[in-house]
Amino acid sequence: MRASTTTRTTRRPCALGAALGLALALAARPAGAHITLDAPPVRDPSMKTAPCGGLLPFSSSPMTFAPGAPVMVRWHETVPHPGYFRVALSMDGTTFPADPPDPPPAAVFPVLAIVPKVDGTTSYSAAVTLPTTPCARCTLQVIQYMQQHAPPPYYYQCADITIAAGGSDDAGSPPATGGSSGGCCAVAGAGGASEGALAAAALLAAALVRRRARTTLGRR
Ligand SMILES: [Cu+2]
């Protein structure tokens, strides 16, 4: 009796730790990553909250571009969706054009580009021309619009910039793109597996915690 209790107490925390580790690893993974703005540098890697994906404030170190500069905006898609991308510029860093319908209207300032999704392509860019009007707090916004997607069908990424004389016209090289992170949201027939795995791991961890608590109580 005593021997089996000892065996259990050494095995249970191990299984519990493994389940918790799996749940934490899945949770820490960028499961929601669908689009990543590579250049200019993204303000906030989060992407679900309009208009810039997350809740971080305007960057403390925005890139400075020359008035009228041609800028190559680059991003990559980590979870493929049919749809399109829209690049827009907010001249005050807070006012953005409304989220676009499907199909989107032609690009008219402050919308700088509409880029269609291409099957099998994950790296995208748009050659845009900045206005000649200087600004201290401008924000480039890239929206991923996803067709056949549970609402809201948008993900957002932003890059804060300054337009001033003497600025650059090079947004820099994009970092090497990683593989797909998987982990889609509610799309018919696609993804869902990782959320399921996460939920299963969480349930398993919770069950082990309960069993462990019961065992501890029973032993007293
Ligand atoms: Cu998705």
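These are my notebook entries on one predicted model, set down in the order in which I looked things up.

**Entry 1: the chain as a whole**

I began with the secondary structure, and I found that the chain comes to two helices and eight strands. Reading from the N terminus on, I wrote the order of the elements down as α-β-β-β-β-β-β-β-β-α. I then looked up burial, and buried residues make up 29% of the 220 residues in the chain. For the contacts with a separation of 6 or more, I noted that residues 24 or more positions apart account for 78% of them.

**Entry 2: how far the model can be read**

Before going into detail I checked the confidence, which averages a pLDDT of 77 over the chain, with 63% of the residues scoring at least 70. Two stretches made me careful: over residues 186-205 the pLDDT stays under 50, although the model has 29 contacts beyond four places in sequence for them, and over residues 212-220 the pLDDT also stays under 50, with three such contacts. Where pLDDT is low, the predicted coordinates should not be read in detail, and I kept that in mind for both stretches.

I next followed an open sheet formed by three strands in the order 1-3-6, where the pairing is antiparallel. Strand 1 (35-39) and strand 6 (123-129) stand at its edges, and because each has a single partner strand, one side of each is left without a neighbour in the sheet. From one strand to the next, the twist in this sheet averages 25°. Looking at one pair, I saw that strand 1 and strand 3 (residues 70-77) are joined in the antiparallel sense over four bridges, and that Ile35 has Glu77 in strand 3 as its bridge partner.

I then turned to an open sheet of five strands, which has the order 2-8-7-4-5 and mixed pairing. Its edge strands are strand 2 (63-65) and strand 5 (111-116), each of which pairs on one side only. The twist here averages 30° from one strand to the next. Within this sheet I looked up strand 4 (residues 83-90) and strand 7 (residues 135-146), which run antiparallel and are joined by eight bridges; Ser90 stands opposite Thr139 in strand 7.

**Entry 3: Arg137**

Staying with strand 7, I picked out Arg137, which has its place there. Is Arg137 buried, exposed or partly exposed? I count Arg137 as partly exposed, because it has 16 C-beta neighbours inside 10 Å, whereas a buried residue would need 20 or more and an exposed one 12 or fewer. Not counting residues up to four places away in sequence, Arg137 touches Phe58, Asp92 and Gly93. I also looked up the C-alpha atoms of Arg137 and Thr94, which are separated by 8.8 Å although the two residues are 43 residues apart along the chain.

**Entry 4: the largest nonpolar core**

Last, I asked which residues of the largest nonpolar core touch the most other members. Of its 34 residues, these are Val73, Val87, Leu140, Val142 and Tyr156. The elements that give two or more residues to this core are strand 1, strand 3, strand 4, strand 5, strand 7 and strand 8 (154-163).

Technical notes
Residues numbered from 1 in each chain as written. Predicted model: local features only at pLDDT ≥ 70, side-chain atom pairs only at ≥ 80, totals over all residues. Pairing = 2+ DSSP bridges. Axes fitted to C-alpha atoms, helices over the stretch in contact; angles between N-to-C directions. pLDDT = per-residue confidence, 0-100. Contact = placed C-beta atoms within 7 Å. Core = buried A, V, L, I, M, F, W, Y, C linked by C-beta atoms within 7 Å.
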